[in-house]
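Please look through the sequence and the three-dimensional model below before reading on. The paragraphs that follow are meant to be read with the structure open beside them.

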Amino acid sequence: MQYFYGNQMPLRILDEAEFWKHQEEEHTVVIRELVPNLEINFVDALKQWEAAIAQTRQQVIRYIESVVRLGTYVPNELYHQVLQLVAFCLQQSQAFIQLCEQIKTQSNAVSQNQTAKVVLNHIIRESEYFTGIAQALLSSTSSGYSE
């Protein structure tokens, strides 16, 4: 991702967040389907995460629609709301990574399924990619935003 988009930056990071939240939502299903004998506590946790991530993704989509309607001018207040949402998405992704790590290390079903281990590592790397993008954006804007 390019890190300079001028007044399009809010839209660009929201597009990125929407894409990765969609991926994480799908990954909850992939894990459950790939490991049919996954322990019920992990199945339940993944279902809860699926719903939570879907809700975040819908919020991101609402912000995308707002930014698109505004055109080239994004008010400072909305820009800061976008940054707060990105910070939330970052925290959510970090917590999702922790769940995936927990499943990978604590699930007996996964310990007996080499493919599941590989897929979980891939899912973790993908979420880490988004967290890297979000952290870079948030650190580059920590000095403030001027219109």
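Just after helix α2, Gly71 adopts a positive phi of about 75°, in what is, throughout, a predicted model rather than an experimental one.

The protein chain contains five helices and zero strands, so that, read from the N terminus, its elements follow the order α-α-α-α-α. Of its 147 residues, 44% count as buried.

How do α2 and α3 pack against each other, and at what angle? Their axes are 11 Å apart and the angle is about 160°, and because angles over 145 degrees count as roughly antiparallel, α2 and α3 are roughly antiparallel to each other. The crossing of these two helices is left-handed, and the residues of the contact of α2 with α3 comprise 19 nonpolar, six polar and no charged.

Helix α3, which spans residues 76-106, also meets α5, where the two axes come within 9 Å and cross at roughly 155°. With that angle, α3 is roughly antiparallel to α5, and the crossing of α3 and α5 is left-handed. Sorted by class, the contact of α3 with α5 has 16 nonpolar, six polar and four charged residues.

Two residues of α3 can be examined individually. Ser93 is located in helix α3, and because its relative accessibility is 0%, against a limit of under 20%, Ser93 counts as buried. The side chain of Ser93 is joined to that of Glu24 by a polar contact of 2.8 Å. Cys100 is likewise found in helix α3, and its relative accessibility of 1% means that Cys100 counts as buried. Cys100 and Ile124 are separated by 24 residues in sequence, while the distance between their C-alpha atoms is 6.8 Å.

Ile124 leads on to helix α5, where it is one of the buried residues, together with Ala116, Leu120, Ile123, Glu126, Ser127, Phe130, Thr131, Ile133, Ala134, Leu137 and Leu138. Helix α5 comprises 27 residues, 114-140, and reaches 39 Å from its first C-alpha to its last, close to the 39 Å expected at 1.5 Å a residue. At the start of α5, a side-chain oxygen of Asn113 comes to within 3.2 Å of the backbone nitrogen of Thr115.

Terms used: Residues numbered from 1 in each chain as written. Predicted model: local features only at pLDDT ≥ 70, side-chain atom pairs only at ≥ 80, totals over all residues. Heavy atoms only, no water. Helix = DSSP H or I, 4+ residues; strand = E, 2+ residues; numbered from the N terminus. Expected span 1.5 Å × (residues − 1). Buried < 20%, exposed > 50% of the residue type's maximum accessible area, 1.4 Å probe, protein only. Polar contact = N/O pair within 3.5 Å; in protein donor to acceptor, adjacent residues only side chain to side chain. Axes fitted to C-alpha atoms, helices over the stretch in contact; angles between N-to-C directions. Parallel < 35°, antiparallel > 145°, perpendicular 65-115°, else oblique. Left-handed = near helix turned anticlockwise from the far one by under 90°. Nonpolar A, V, L, I, M, F, W, Y, C, P; charged D, E, K, R; others polar.
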